[in-house]
Amino acid sequence: MIKWMLAALTFLSLLEPTLVAAQPLSSAPPLAAPALSAPLLPPPVAAPAVPAAAPVAAADAAPAAAPAAAAAPVPDAAELAKRVTDLENYVNNVAPADVKTTKVPGPGPGHNGWMMVCAALVLFMTLPGLALFYGGLVRQKNVLSVMAQCLGLAGIVTVLWWAFGYSMAFANGSPFLGSMKFALLAGVDSKPNGDYSPWVSQNVFSMYQLMFAIITPALVVGAVAERVKYSAIMLFLGLWMVVVYFPLAHMVWGIDGFMNGVWNKDASIKAIDFAGGTVVHMSSGWSAIVLALIVGKRKGFGTENFAPHSMVLTMIGTGMLWVGWYGFNAGSAVAADAIAAAAFTSTTLAAAVGGLAWAATEWITRGKPTVLGFCSGIVGGLVVITPAAGFVSPGASVIIGVLAGVVPFLACTKLKNALGYDDALDTFGVHAVGGTLGAFITGIFASSEVNPNLDTNLKDLVGHTLWLEQLKAMGLTLVLSIVGTVVLANIVKAVVGLRPSQEDEETGLDLTDHGERGYHT
């Protein structure tokens with residue numbers, strides 16, 4: 001222990017750690033520094049006396065040696081105690097206790113590095129993960145169209161995020177919407193924003209949240225695949241980000257958000273959403289089915305074969321989604337800490353069990369387990385665990401995985417057939433139904449033993465009536481998503497039209513929208 005402390009203190013004294021004030025995000029409280037009555041480092045030992053040497057002739061004298069550098073002063077007990085506390089706070093992802101005596105504010109390299117990796121993983125979910133997943137599920141003549149929609153959204157959403165999206169979502173403002181404080185990413189530099197993390201650069205946090213903003217509208221594409229003009233879907237989803245996503249992200253995750261039960265003590269709805277059950281999956285899934293109903297069914301729906309053209313692409317995309325989802329869920333701890341570890345574990349269990357449960361249900365009811373069933377169940381497990389990832393135990397994660405494999409399966413088969421809607425790639429069945437299920441059961445299984453942050457403002461609700469708060473958040477998400485979609489879809493329909501001509505739809509959107517073919521055989 002002493003060797004570790006000495007090494008750590010030496011490291012700290014060399015690097016002069018950079019610290020800033022912020023609210024703690026980690027599960028672990030700051031550890032008290034040990035009481036020190038004397039410096040931990042031993043005092044310098046005097047060199048033994050050396051007898052004087054005989055005089056040397058000037059001609060034979062060696063050149064005079066350069067004067068020795070002055071030894072670094074040994075920190076006193078108070079300074080050493082502070083350095084130990086700062087190190088413990090960094091390891092535990094807790095804001096430094098004494099900010100006034102710190103030197104230059106800045107991020108912590110470990111947490112910062114983890115979040116940059118997570119941001120890349122979440123982008124990997126869309127490009128190429130979701131693009132391949134959706135691309136394999138459509139017919140061959142439309143494979144490039146869904147990929148182009150994913151690529152286009154990556155560009156459009158990034159520009160919106162830079163211009164005002166990040167500021168609307170994460171700047172302080174009202175309970176429903178942020179302000180223009182960070183418009184054009186002004187002031188969003190490498191210093192942490194203490195509202196969200198004491199150790200992660202705000203520009204890294206902003207880029208991480210951007211990746212969430214990119215994949216959310218891309219999910220909507222699945223419900224209306226193969227039958228919406230490129231110009232129409234791009235215009236609709238650009239407007240949708242402003243009307244639905246940015247306000248919802250602020251209400252759920254903004255420091256003064258209307259539904260941020262974990263960190264906003266004044267939140268009117270004290271709900272929790274670890275990584276996007278309401279913000280990402282409910283909003284996209286419910287908007288997707290409303291848009292699909294407005295657009296109408298694909299030409300030939302119910303009479304023609306709409307089977308996936310390449311389950312190989314879909315399988316590859318599923319694997320990429322699963323890998324990227326670790327950045328999505330574990331990264332939502334905004335630190336490489338104990339909560340991230342819990343989210344990593346729960347994500348693995350729910351995805352694996354979800355895939356098994358879906359395939360097993362399929363095997364029992366249809367006679368064969370399919371690759372599409374495994375892929376759908378894995379994604380279903382990832383969706384349902386998303387709002388709960390950093391709040392639930394491994395046992396609860398397994399239960400969630402079973403529910404995620406069975407309930408969305410029934411929605412994608414029984415419910416879809418009974419109501420007859422054309423949800424092309426089952427965005428509603430997996431993301432709307434799965435996200436809604438996940439948001440609700442998060443309120444049942446959330447535990448402060450897994451995430452002590454729940455005791456900050458929700459101690460009296462966790463394990464009792466938190467599920468009621470979840471219902472309120474789900475209701476508000478539904479209203480905003482459905483009403484916003486109806487209004488925006490009709491505006492876009494009036495301006496540019498939603499559907500291609502029947503001839504263009506029959507030819508395929510790859511050629512009619514992009515002048516390309518996915519395959520040349």
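R298 and D422 are both buried, where buried means under 20% relative accessible area, exposed means over 50%, and partly exposed lies in between (1.4 Å probe, protein chains only). The two residues form a salt bridge whose closest N and O atoms are 2.8 Å apart. This pair links distant parts of the chain, 124 residues apart: R298 sits in the loop between α7 (277-295) and α8 (311-329), and D422 in the loop between α11 (394-419) and α12 (427-445). Helices here (H or I, at least four residues) and strands (E, at least two) are DSSP runs, numbered from the N terminus.

A word on the ground rules: this is a predicted model, in which local features need pLDDT of at least 70, side-chain atom pairs count only at pLDDT 80 or more, and totals for chains, interfaces and linings use all residues. Residues are numbered from 1 along each chain as its sequence is written, and side-chain values use heavy atoms, with hydrogens and water left out.

**Salt bridges**
- A salt bridge is a side-chain nitrogen of Lys or Arg within 4 Å of a carboxyl oxygen of Asp or Glu, and by this rule the count comes to 10.
- R499 pairs with E505, with 2.8 Å between the closest N and O atoms.
- Within that pair, R499 is partly exposed at 28% relative accessibility, whereas E505 is buried at 4%.
- Salt bridges that share partners join R139, E226, R227, R298, E304 and D422 into one network.
- K265 and D266 meet through their side chains in a salt bridge at 3.4 Å, N to O.
- K265 is exposed, with a relative accessible area of 57%, and D266 is exposed as well, at 56%.

**Nonpolar surface patch**
- L235, L239, V479, V483, V487, I491, V495 and V496 make a nonpolar surface patch of about 620 Å².
- Patch members have over 30% relative accessible area and no salt bridge; nonpolar side chains (Val, Leu, Ile, Met, Phe, Trp, Tyr) are joined within 5 Å, and like charges within 9 Å.
- Two elements give two or more residues to the patch: α6 (230-253) and α14 (466-495).
- Helix α14 gives the most, with five residues.
- V495 lies in α14 and is exposed, with a relative accessible area of 57%.

**Helix packing**
- The axes of α3 (residues 109-137) and α5 (residues 202-220) come within 9 Å and cross at roughly 15 degrees.
- Angles under 35 degrees count as roughly parallel, so α3 and α5 are roughly parallel to each other.

Key: Areas by Shrake-Rupley, 256 points an atom, 1.4 Å probe, with all protein chains shown as cover. Axes fitted to C-alpha atoms, helices over the stretch in contact; angles between N-to-C directions. Parallel < 35°, antiparallel > 145°, perpendicular 65-115°, else oblique.
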